[in-house]
Amino acid sequence: MRHLNRRHFLGAGLLLGASALLGKETPSKPIAIPQEYTPPIIAFPEKKPMVAISDRPPLLKSAKGREIFTQAITPNDEFFVRWHLPDIPTHIDLNEFRLEVKGSVNTPLSLSVDDLKSKFEPTEVAAVLQCGGNSRKYYAVTGQATHGVQWDHGAMGCAIWKGVKLKDILNRAGVKESATWVGLNGLEKPAMDETPDFFREMEIAETLQDQIIVAYAMNGEDLPYLNGFPIRLVIPGHFSDSWVKMLSEIMVMDTYRKSFFMDVAYTVPDNDCECVVSGSDFEYKRKPIATMKVKSVIGYPSPDTLIKKGSRVKIAGVAFDQGKGIKEVMISLDGGKSWSAAKLGQDYGKFAFRPWSFEWEPKTKGDFTIMARAINRIGNIQPLPDEIGWNAGGYQYNAVDNVNVKIV
Amino acid sequence: MKKILLFSLLAVSTLFAQVSKPIEMPYVEYPIESGDHDEIVQQYCLICHSFGYVLNQGKKSRPYWKGTVQKMVNEFKAPIGKEDQQIIVNYLVKHYGYESQPNPSGH
């Protein structure tokens, strides 16, 4: 077996093939790694420098940490990135790009981005995009660490998406009566043909909901490449694994296609609490993750912030749910013994981040734990950290957020 | 090895398939520890993903890493022979994991 030399991999991915030809070389000196790895902060195309959890496939989060969640709308150049497969086109020619609508339809369509913009009625929705595994590192605070990249709260954002209703596209093509499912696929591809492709499936009834759109604009601009240029699916209220990026194919089907990412990867236990005993393996009946759960995240202050006694602190953050709308965000400064209502900020719609703030003038020195707990309009309330149900994949974390600060 | 080379060349051709003004993706360094046949780990894992996937998971148990390598083979169809699977699992447990009990200073 030949050695592949690390420096060639690290120098340039393109040399991967060439490096295999070079033969065995002496391994370099071991590099010490810290106990907890800190990913580098790197500028990617159309992005400010971001925390690069992976470059291939790209997994990026804002370098601002929690502070990005003091505003209702997340800027495009700081919006998180998460792809699943390594081969992503680095250029899209809009003259050639087409969204194909095929399968069980009366009239197959081949739509350019210009067609979408000029031949359909535009629609807009402000909606939270959140990875199913967002915040999963906090499962380890009260239970076993879960599978997967240990995201903090960084795998979410909220944008104003503009595009075309999915149902308008399907109606233009004419869905046949035999159709039951719609498969949605994008241009990201695996390195090997044998690897399962990343696609989503939705029941026909689900695709007819008004809020589901094929978006060509994000916060008034083209989508950044890394967020799915030129078009992506937007399913407000749903976790982001369904929001197919670089959407290129809508396949109307008469039967369900088995899919690794829906049937195996992004799943939770198929029971009422969607949970199992902490530390269990995946040996349970599963169902795909779908709608998001009520959640709030403290944007300011960050953990370990020093605050001067008597100063006025504006605690701020965002809250959201599956699309019922946030009713109230409660703040506790005494470890959960008493709670007071935060002031809710501008309402961008029921699928968006609802910004909130709370004025605090700490009068005594010492350590304080700030907690934030959201309740939605149908009475869903965030569980406390020691109440949250555990799952092996670390999905759907939504326990009450808390931040420790020191008053000096 | 021939197969691996082929995959790599395919990856290169996709990258240049639609040239006019492609975005330029940076290459990020994710250094992993040397030794214990890290070259085999590199050869297979890097076909599909960076080592960011390993480094950002925290230390994991032997059953965890074994299950993860099996997932790569069974679900993602990584072309890793039985012997090399064992080498990769041993490497990950030694450098990015623990044998049985969770590391108290880790996660």
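## Two helices of chain B

In this predicted model, helices H2(B) and H5(B) pack at an angle of about 110°, and their axes lie 9 Å apart. Because angles of 65 to 115 degrees count as roughly perpendicular, H2(B) is described as roughly perpendicular to H5(B). From H2(B), the contact draws on B:Asp38, B:Ile40, B:Val41 and B:Tyr44, while H5(B) contributes B:Asp84, B:Ile87, B:Ile88 and B:Tyr91. Sorted by class, the residues in this contact are six nonpolar and two charged, with no polar ones.

Helix H5 of chain B covers residues 82-96, and its 15 residues reach 21 Å from the first C-alpha to the last, which is close to the 21 Å expected at 1.5 Å a residue. Its buried residues are B:Ile87, B:Ile88, B:Val89, B:Tyr91, B:Leu92 and B:Val93. An α-helix has 3.6 residues a turn, so residues three or four places apart point the same way. The cover over the buried residues of H5(B) includes helix H2 (38-48), helix H3 (52-55), helix H4 (62-74) and strand E2 (97-98), which belong to chain B.

## Chain B as a whole

Which elements make up the secondary structure of chain B? There are five helices and two strands, and from the N terminus on they follow one another as α-α-α-β-α-α-β.

Chain B has 107 residues, of which 34% count as buried. Among the contacts in chain B with a separation of 6 or more, 73% are accounted for by residues 24 or more positions apart.

Strand E2 of chain A, residues 49-55, is mostly covered, with six of its seven residues buried. Strand E1 (residues 41-43) of chain A pairs with E2(A) in the antiparallel sense over three bridges, and within this pairing A:Met50 of E2(A) is the bridge partner of A:Ile42. The two strands E1(A) and E2(A) form a hairpin with five residues between them, and in its turn A:Glu46 has a positive phi of about 60°.

E2(A) also pairs with strand E3 (residues 58-62) of chain A, again in the antiparallel sense but over five bridges. Here A:Met50 stands opposite A:Ser62 in E3(A), and the hairpin that joins E2(A) to E3(A) runs through two residues.

Strands of a sheet pair through backbone hydrogen bonds, either parallel or antiparallel. In chain A, five strands form an open sheet in the order E6-E5-E14-E9-E10, and the pairing is mixed. Strand E6 (109-111) and strand E10 (199-203) of chain A are the edge strands, each of them pairing on one side only. On average, and with direction ignored, neighbouring strands of this sheet are turned by 15° against each other.

Inside this order, strand E5 (residues 99-103) and strand E14 (residues 247-253) of chain A pair in the parallel sense over four bridges, and A:Val101 has A:Ile250 in E14(A) as its bridge partner.

## An antiparallel sheet of four strands

Chain A also has an open sheet of four strands in the order E17-E19-E23-E22, where the pairing is antiparallel. Why is one side of E17 and of E22 in chain A left without a neighbour in the sheet? Strand E17 (295-300) and strand E22 (343-344) stand at the edges and each has a single partner strand, so one side of each has no neighbour there.

The partner pair E22(A) and strand E23 (residues 354-360) of chain A is joined in the antiparallel sense over two bridges, and A:Trp356 in E23(A) is the bridge partner of A:Leu344.

Definitions and conventions. Residues are numbered from 1 along each chain as its sequence is written. Chains are lettered from A and ligands numbered from 1 in the order in which they are written. This is a predicted model: local features need pLDDT of at least 70, side-chain atom pairs count only at pLDDT 80 or more; totals for chains, interfaces and linings use all residues. The expected span of a helix is 1.5 Å times one less than its number of residues. A residue is buried if 20 or more other C-beta atoms lie within 10 Å of its own, exposed if 12 or fewer, and partly exposed in between; C-beta atoms are placed from the backbone. Two residues are in contact if their C-beta atoms, placed from the backbone, lie within 7 Å. Two strands pair if DSSP finds at least two bridges between them. Axes are lines fitted to C-alpha atoms, for helices over the stretch in contact, and angles run from 0 to 180 degrees between N-to-C directions. Angles under 35 degrees count as roughly parallel, over 145 as roughly antiparallel, 65 to 115 as roughly perpendicular and the rest as oblique. Ala, Val, Leu, Ile, Met, Phe, Trp, Tyr, Cys and Pro count as nonpolar, Asp, Glu, Lys and Arg as charged, and the others, Gly among them, as polar.
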